[in-house]
Amino acid sequence: MSGIHAWYYTDPASPDSWGLEPALRRLAVELGDQLSIQPVMSGLAREFGEPLKQVSAWLDVAEASGMPVDPRLWLAAPPASSYPACMAVKAAGEQGPEIEAAYLRRLREGFACRRRKLDTRDALVAEARAVPGCDVDRFAVDLGSHAAVEAFGADLERAGAVEGAARDPGTERARIPSLELRREDGEVHAVHGRVSYEELRAAAQAAGASFDGAAGHPGVEEALGRLGTMATAEVAAVCDLPGPRAAAELWRLAGEWRVRSDRQLTGELWSEA
(Lines give C-alpha, C1' and ligand atoms only; values in the text may rest on other atoms or scores of the structure.)
Protein backbone atom coordinates (compact mmCIF):
# COMPACT_ATOMS: atom_id res chain seq x y z
CA MET A 1 0.00 0.00 0.00
CA SER A 2 1.52 3.32 -1.06
CA GLY A 3 2.05 6.13 1.40
CA ILE A 4 0.97 9.71 0.74
CA HIS A 5 2.45 12.76 2.41
CA ALA A 6 0.41 15.96 2.34
CA TRP A 7 1.63 19.46 3.03
CA TYR A 8 -1.32 21.41 4.36
CA TYR A 9 -0.99 25.18 3.90
CA THR A 10 -3.19 26.62 6.62
CA ASP A 11 -3.46 28.99 9.57
CA PRO A 12 -5.23 28.62 12.94
CA ALA A 13 -7.31 31.73 12.20
CA SER A 14 -8.35 30.73 8.66
CA PRO A 15 -12.14 30.58 8.22
CA ASP A 16 -11.89 28.40 5.11
CA SER A 17 -9.61 25.95 6.92
CA TRP A 18 -12.28 25.64 9.62
CA GLY A 19 -14.84 24.96 6.92
CA LEU A 20 -12.62 22.23 5.44
CA GLU A 21 -12.41 20.26 8.68
CA PRO A 22 -15.35 17.89 7.97
CA ALA A 23 -13.98 16.79 4.58
CA LEU A 24 -10.36 16.63 5.72
CA ARG A 25 -11.18 14.64 8.85
CA ARG A 26 -13.25 12.19 6.81
CA LEU A 27 -10.39 11.69 4.37
CA ALA A 28 -7.88 11.17 7.20
CA VAL A 29 -10.11 8.61 8.92
CA GLU A 30 -10.78 6.69 5.71
CA LEU A 31 -7.14 6.52 4.64
CA GLY A 32 -5.63 5.95 8.08
CA ASP A 33 -1.94 5.10 7.86
CA GLN A 34 -1.89 5.69 4.11
CA LEU A 35 -1.97 9.45 4.68
CA SER A 36 0.25 11.72 6.76
CA ILE A 37 -0.57 15.43 6.93
CA GLN A 38 2.04 18.03 7.78
CA PRO A 39 0.60 21.48 8.51
CA VAL A 40 2.47 24.43 7.03
CA MET A 41 1.75 27.66 8.90
CA SER A 42 1.23 30.10 6.06
CA GLY A 43 0.68 33.33 7.99
CA LEU A 44 -2.85 34.43 7.21
CA ALA A 45 -2.42 37.90 8.70
CA ARG A 46 0.63 39.72 10.01
CA GLU A 47 -2.00 42.32 10.93
CA PHE A 48 -5.73 41.72 10.68
CA GLY A 49 -7.65 44.37 8.81
CA GLU A 50 -11.21 45.58 9.15
CA PRO A 51 -13.00 43.46 11.82
CA LEU A 52 -16.29 43.45 9.88
CA LYS A 53 -14.55 41.66 7.01
CA GLN A 54 -13.58 38.90 9.44
CA VAL A 55 -17.16 38.67 10.69
CA SER A 56 -18.40 38.31 7.13
CA ALA A 57 -15.79 35.66 6.27
CA TRP A 58 -16.67 33.51 9.27
CA LEU A 59 -20.40 33.77 8.63
CA ASP A 60 -19.88 32.80 4.98
CA VAL A 61 -18.01 29.68 6.08
CA ALA A 62 -20.72 28.80 8.60
CA GLU A 63 -23.35 28.98 5.85
CA ALA A 64 -21.30 26.96 3.37
CA SER A 65 -20.00 24.25 5.71
CA GLY A 66 -22.40 24.00 8.64
CA MET A 67 -19.48 24.46 11.05
CA PRO A 68 -20.28 26.47 14.21
CA VAL A 69 -18.91 29.99 14.46
CA ASP A 70 -19.19 32.93 16.83
CA PRO A 71 -17.69 35.98 15.11
CA ARG A 72 -18.42 38.33 18.02
CA LEU A 73 -14.72 37.92 18.88
CA TRP A 74 -13.91 40.25 15.99
CA LEU A 75 -16.24 42.94 17.32
CA ALA A 76 -15.37 42.76 21.02
CA ALA A 77 -11.63 41.99 21.18
CA PRO A 78 -10.18 41.25 17.74
CA PRO A 79 -6.75 39.57 17.64
CA ALA A 80 -4.05 41.76 16.16
CA SER A 81 -2.31 39.03 14.16
CA SER A 82 -2.34 35.29 13.45
CA TYR A 83 1.47 35.09 13.54
CA PRO A 84 1.74 34.37 17.31
CA ALA A 85 -0.70 31.46 16.92
CA CYS A 86 1.27 30.11 13.96
CA MET A 87 4.48 30.17 16.01
CA ALA A 88 2.65 28.45 18.87
CA VAL A 89 1.67 25.60 16.55
CA LYS A 90 5.33 25.18 15.60
CA ALA A 91 6.25 25.13 19.30
CA ALA A 92 3.66 22.40 19.91
CA GLY A 93 5.13 20.47 17.00
CA GLU A 94 8.37 20.08 18.98
CA GLN A 95 6.44 17.47 21.01
CA GLY A 96 5.41 15.45 17.97
CA PRO A 97 2.78 15.50 15.22
CA GLU A 98 -0.08 14.31 17.44
CA ILE A 99 0.40 17.16 19.92
CA GLU A 100 0.81 19.60 17.04
CA ALA A 101 -2.45 18.46 15.42
CA ALA A 102 -4.39 18.56 18.69
CA TYR A 103 -3.06 22.01 19.55
CA LEU A 104 -3.81 23.37 16.08
CA ARG A 105 -7.37 22.09 16.41
CA ARG A 106 -7.66 23.76 19.81
CA LEU A 107 -6.63 27.10 18.32
CA ARG A 108 -9.03 26.68 15.41
CA GLU A 109 -11.92 26.28 17.82
CA GLY A 110 -10.74 29.29 19.80
CA PHE A 111 -10.77 31.57 16.76
CA ALA A 112 -13.87 30.07 15.17
CA CYS A 113 -16.39 29.81 17.95
CA ARG A 114 -14.93 30.05 21.46
CA ARG A 115 -14.18 33.78 21.19
CA ARG A 116 -10.56 33.46 22.31
CA LYS A 117 -8.13 36.30 21.60
CA LEU A 118 -5.18 34.10 20.74
CA ASP A 119 -2.41 36.57 20.03
CA THR A 120 -0.53 36.68 23.36
CA ARG A 121 1.84 34.28 25.08
CA ASP A 122 -0.43 33.78 28.11
CA ALA A 123 -3.46 32.96 25.97
CA LEU A 124 -1.51 30.50 23.83
CA VAL A 125 0.00 28.73 26.85
CA ALA A 126 -3.46 28.46 28.40
CA GLU A 127 -4.70 26.58 25.32
CA ALA A 128 -1.81 24.12 25.63
CA ARG A 129 -3.07 23.13 29.08
CA ALA A 130 -6.20 21.70 27.47
CA VAL A 131 -4.27 19.43 25.07
CA PRO A 132 -3.95 15.88 26.45
CA GLY A 133 -0.34 14.77 26.69
CA CYS A 134 1.15 18.21 26.15
CA ASP A 135 4.04 19.15 28.42
CA VAL A 136 2.96 22.71 29.13
CA ASP A 137 6.21 23.80 30.76
CA ARG A 138 8.18 22.59 27.75
CA PHE A 139 5.69 24.23 25.41
CA ALA A 140 6.10 27.58 27.19
CA VAL A 141 9.88 27.36 26.80
CA ASP A 142 9.63 26.31 23.15
CA LEU A 143 7.18 29.12 22.41
CA GLY A 144 9.80 31.69 23.40
CA SER A 145 12.66 29.98 21.61
CA HIS A 146 14.45 30.87 18.38
CA ALA A 147 13.55 27.41 17.11
CA ALA A 148 9.85 28.27 16.93
CA VAL A 149 10.60 31.51 15.10
CA GLU A 150 12.87 29.70 12.65
CA ALA A 151 10.34 26.90 12.08
CA PHE A 152 7.61 29.42 11.33
CA GLY A 153 9.99 31.29 9.05
CA ALA A 154 10.67 28.06 7.15
CA ASP A 155 6.91 27.52 6.76
CA LEU A 156 6.46 31.07 5.45
CA GLU A 157 9.27 30.49 2.99
CA ARG A 158 7.68 27.28 1.77
CA ALA A 159 4.26 28.97 1.47
CA GLY A 160 5.85 31.78 -0.49
CA ALA A 161 7.53 29.43 -2.96
CA VAL A 162 4.33 28.14 -4.58
CA GLU A 163 3.29 29.43 -7.98
CA GLY A 164 0.37 29.56 -10.36
CA ALA A 165 -3.08 28.46 -9.20
CA ALA A 166 -1.70 27.65 -5.75
CA ARG A 167 -0.87 31.29 -5.02
CA ASP A 168 -3.36 33.48 -3.21
CA PRO A 169 -4.02 36.48 -5.51
CA GLY A 170 -2.59 39.69 -4.14
CA THR A 171 -0.30 38.00 -1.58
CA GLU A 172 3.10 36.36 -1.47
CA ARG A 173 1.97 32.99 -0.10
CA ALA A 174 0.11 29.81 -0.91
CA ARG A 175 -3.66 29.91 -0.91
CA ILE A 176 -5.12 29.06 2.48
CA PRO A 177 -6.15 26.29 2.68
CA SER A 178 -4.23 24.22 0.13
CA LEU A 179 -3.05 20.62 0.17
CA GLU A 180 -0.17 19.19 -1.83
CA LEU A 181 -0.40 15.39 -1.80
CA ARG A 182 2.85 13.66 -2.73
CA ARG A 183 3.04 9.95 -3.50
CA GLU A 184 6.11 7.82 -2.87
CA ASP A 185 7.48 8.37 -6.39
CA GLY A 186 7.42 12.15 -5.86
CA GLU A 187 4.40 12.98 -8.02
CA VAL A 188 2.31 15.78 -6.50
CA HIS A 189 -1.45 16.39 -6.75
CA ALA A 190 -2.87 19.54 -5.19
CA VAL A 191 -6.18 21.14 -4.24
CA HIS A 192 -6.62 24.79 -3.35
CA GLY A 193 -9.17 26.87 -1.48
CA ARG A 194 -12.65 25.85 -0.37
CA VAL A 195 -13.03 22.35 -1.86
CA SER A 196 -15.42 19.46 -1.34
CA TYR A 197 -14.72 16.03 0.06
CA GLU A 198 -15.12 14.62 -3.44
CA GLU A 199 -12.33 16.89 -4.69
CA LEU A 200 -10.08 15.86 -1.81
CA ARG A 201 -10.80 12.20 -2.49
CA ALA A 202 -10.06 12.58 -6.20
CA ALA A 203 -6.72 14.25 -5.44
CA ALA A 204 -5.83 11.50 -2.98
CA GLN A 205 -6.70 8.81 -5.51
CA ALA A 206 -4.61 10.56 -8.15
CA ALA A 207 -1.74 10.56 -5.65
CA GLY A 208 -2.08 6.79 -5.23
CA ALA A 209 -4.50 6.34 -2.31
CA SER A 210 -6.52 3.15 -2.26
CA PHE A 211 -10.05 3.35 -0.90
CA ASP A 212 -10.71 -0.35 -1.48
CA GLY A 213 -9.26 -1.20 1.92
CA ALA A 214 -10.30 2.05 3.57
CA ALA A 215 -11.03 2.01 7.27
CA GLY A 216 -14.70 2.79 6.74
CA HIS A 217 -16.84 4.97 8.94
CA PRO A 218 -16.76 4.74 12.73
CA GLY A 219 -19.77 5.09 14.99
CA VAL A 220 -20.39 8.42 16.67
CA GLU A 221 -18.89 7.50 20.03
CA GLU A 222 -15.86 5.88 18.41
CA ALA A 223 -15.31 8.98 16.27
CA LEU A 224 -15.46 11.28 19.29
CA GLY A 225 -13.07 9.00 21.14
CA ARG A 226 -10.56 9.08 18.29
CA LEU A 227 -10.85 12.68 17.14
CA GLY A 228 -11.92 14.56 20.25
CA THR A 229 -14.25 17.53 19.90
CA MET A 230 -16.38 17.45 16.74
CA ALA A 231 -19.04 19.66 15.19
CA THR A 232 -22.27 18.13 13.91
CA ALA A 233 -21.10 18.61 10.31
CA GLU A 234 -17.91 16.70 11.11
CA VAL A 235 -19.82 13.82 12.68
CA ALA A 236 -22.03 13.69 9.58
CA ALA A 237 -18.97 13.50 7.32
CA VAL A 238 -16.77 11.15 9.34
CA CYS A 239 -19.57 8.77 10.35
CA ASP A 240 -21.36 8.98 6.98
CA LEU A 241 -24.62 10.19 8.52
CA PRO A 242 -26.04 12.65 5.97
CA GLY A 243 -28.96 15.02 6.41
CA PRO A 244 -30.53 15.09 9.88
CA ARG A 245 -29.21 11.66 10.89
CA ALA A 246 -26.04 12.96 12.57
CA ALA A 247 -27.91 15.50 14.71
CA ALA A 248 -30.58 12.94 15.60
CA GLU A 249 -28.00 10.37 16.71
CA LEU A 250 -25.99 12.94 18.68
CA TRP A 251 -29.02 14.19 20.56
CA ARG A 252 -30.13 10.61 21.24
CA LEU A 253 -26.75 9.86 22.78
CA ALA A 254 -26.81 13.14 24.69
CA GLY A 255 -30.20 12.15 26.13
CA GLU A 256 -28.53 9.00 27.45
CA TRP A 257 -25.63 11.04 28.91
CA ARG A 258 -23.18 9.30 26.56
CA VAL A 259 -22.00 12.44 24.73
CA ARG A 260 -21.81 16.08 25.75
CA SER A 261 -23.09 19.09 23.83
CA ASP A 262 -21.30 22.43 24.03
CA ARG A 263 -23.56 25.05 22.46
CA GLN A 264 -21.93 27.69 20.27
CA LEU A 265 -23.60 30.63 18.56
CA THR A 266 -24.51 28.82 15.33
CA GLY A 267 -24.31 25.18 16.37
CA GLU A 268 -22.78 22.64 18.72
CA LEU A 269 -19.41 21.12 19.47
CA TRP A 270 -19.66 17.54 20.78
CA SER A 271 -17.38 15.51 23.01
CA GLU A 272 -17.37 12.30 25.01
CA ALA A 273 -19.43 12.47 28.20
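## Basis of the description

The model is predicted: local features require pLDDT of at least 70 and side-chain atom pairs count only at pLDDT 80 or more, while totals for chains, interfaces and linings use all residues. Residues are numbered from 1 along each chain as its sequence is written, and side-chain values use heavy atoms, with hydrogens and water left out.

Helices (H or I, at least four residues) and strands (E, at least two) are DSSP runs numbered from the N terminus. Buried denotes under 20% relative accessible area, exposed over 50%, and partly exposed in between, with a 1.4 Å probe and protein chains only.

## The largest pocket

Rolling a probe the size of a water molecule over the atoms shows where empty space is left. A pocket is an open set of points, on a 1 Å grid over the protein atoms alone, where a 1.4 Å probe fits and with protein on both sides within 12 Å along at least five of seven lines; lining residues have an atom within 4 Å of a point. The largest pocket holds about 1,200 Å³ of space, where the volume is the space filled by probe spheres set on the points, and grid points are joined across faces, edges and corners. Its lining consists of 31 residues, of which Arg25, Glu98, Ala101, Ala102 and Leu227 are the closest to the centre.

Helix H1, strand E2 (35-41), helix H5 (97-112) and helix H10 (220-227) each give two or more residues to this lining. H5 provides the largest share, 11 residues. By class, the lining comprises 16 nonpolar, 5 polar and 10 charged residues; here Ala, Val, Leu, Ile, Met, Phe, Trp, Tyr, Cys and Pro count as nonpolar, Asp, Glu, Lys and Arg as charged, and the others, Gly among them, as polar.

## Nonpolar cores

In soluble globular proteins, nonpolar side chains tend to be buried together. A nonpolar core is a set of buried Ala, Val, Leu, Ile, Met, Phe, Trp, Tyr and Cys residues joined through side-chain atoms within 4.5 Å. The largest one has 43 residues, and those with the most contacts inside it are Trp18, Tyr103, Phe111, Leu124 and Phe139. At least two residues of this core come from each of helix H2 (51-65), helix H3 (73-76), H4, H5, helix H6 (121-128), helix H7 (136-143) and helix H8 (146-160). The largest share, 7 residues, is that of H4. Another core, of 20 residues, lies apart from the largest one and includes Leu20, Val195, Ala204 and Ala207.

Contact means heavy atoms within 4.5 Å. Leaving aside neighbours within four places in sequence, the contacts of Phe111 include Pro12, Trp58, Trp74, Pro79 and Leu118.

In H9 (residues 197-206), the residues Tyr197, Leu200, Ala203 and Ala204 are buried. They lie on the same side of H9 because they cover an arc of only 125 degrees around the axis, the arc being that of the directions from the helix axis to the C-beta atoms. These buried residues pack against strand E1 (4-10), helix H1 (15-31), strand E3 (178-182) and strand E4 (188-192).

The buried residues of H10 include Val220, Ala223 and Leu224. Their arc is only 95 degrees, which puts them on the same side of H10. Among the elements covering them are helix H11 (232-238), helix H12 (245-255) and strand E6 (259-263). In H12, the buried residues are Ala246, Leu250, Leu253 and Ala254; an arc of only 105 degrees puts them on the same side of H12. They pack against H10, H11, E6 and E7.

## Backbone features in loops and after helices

Most residues other than glycine have a negative phi, and most peptide bonds are trans. Arg115, in the loop between H5 and H6, has a positive phi near 60 degrees and is partly exposed at 39% relative accessibility. Asp240, in the loop between H11 and H12, has a positive phi near 55 degrees and is partly exposed at 36%. Trp257, which follows H12, has a positive phi near 60 degrees.

The peptide bond from Ile176 to Pro177 is cis, with omega near 0 degrees, and Pro177 lies in the loop between H8 and E3.
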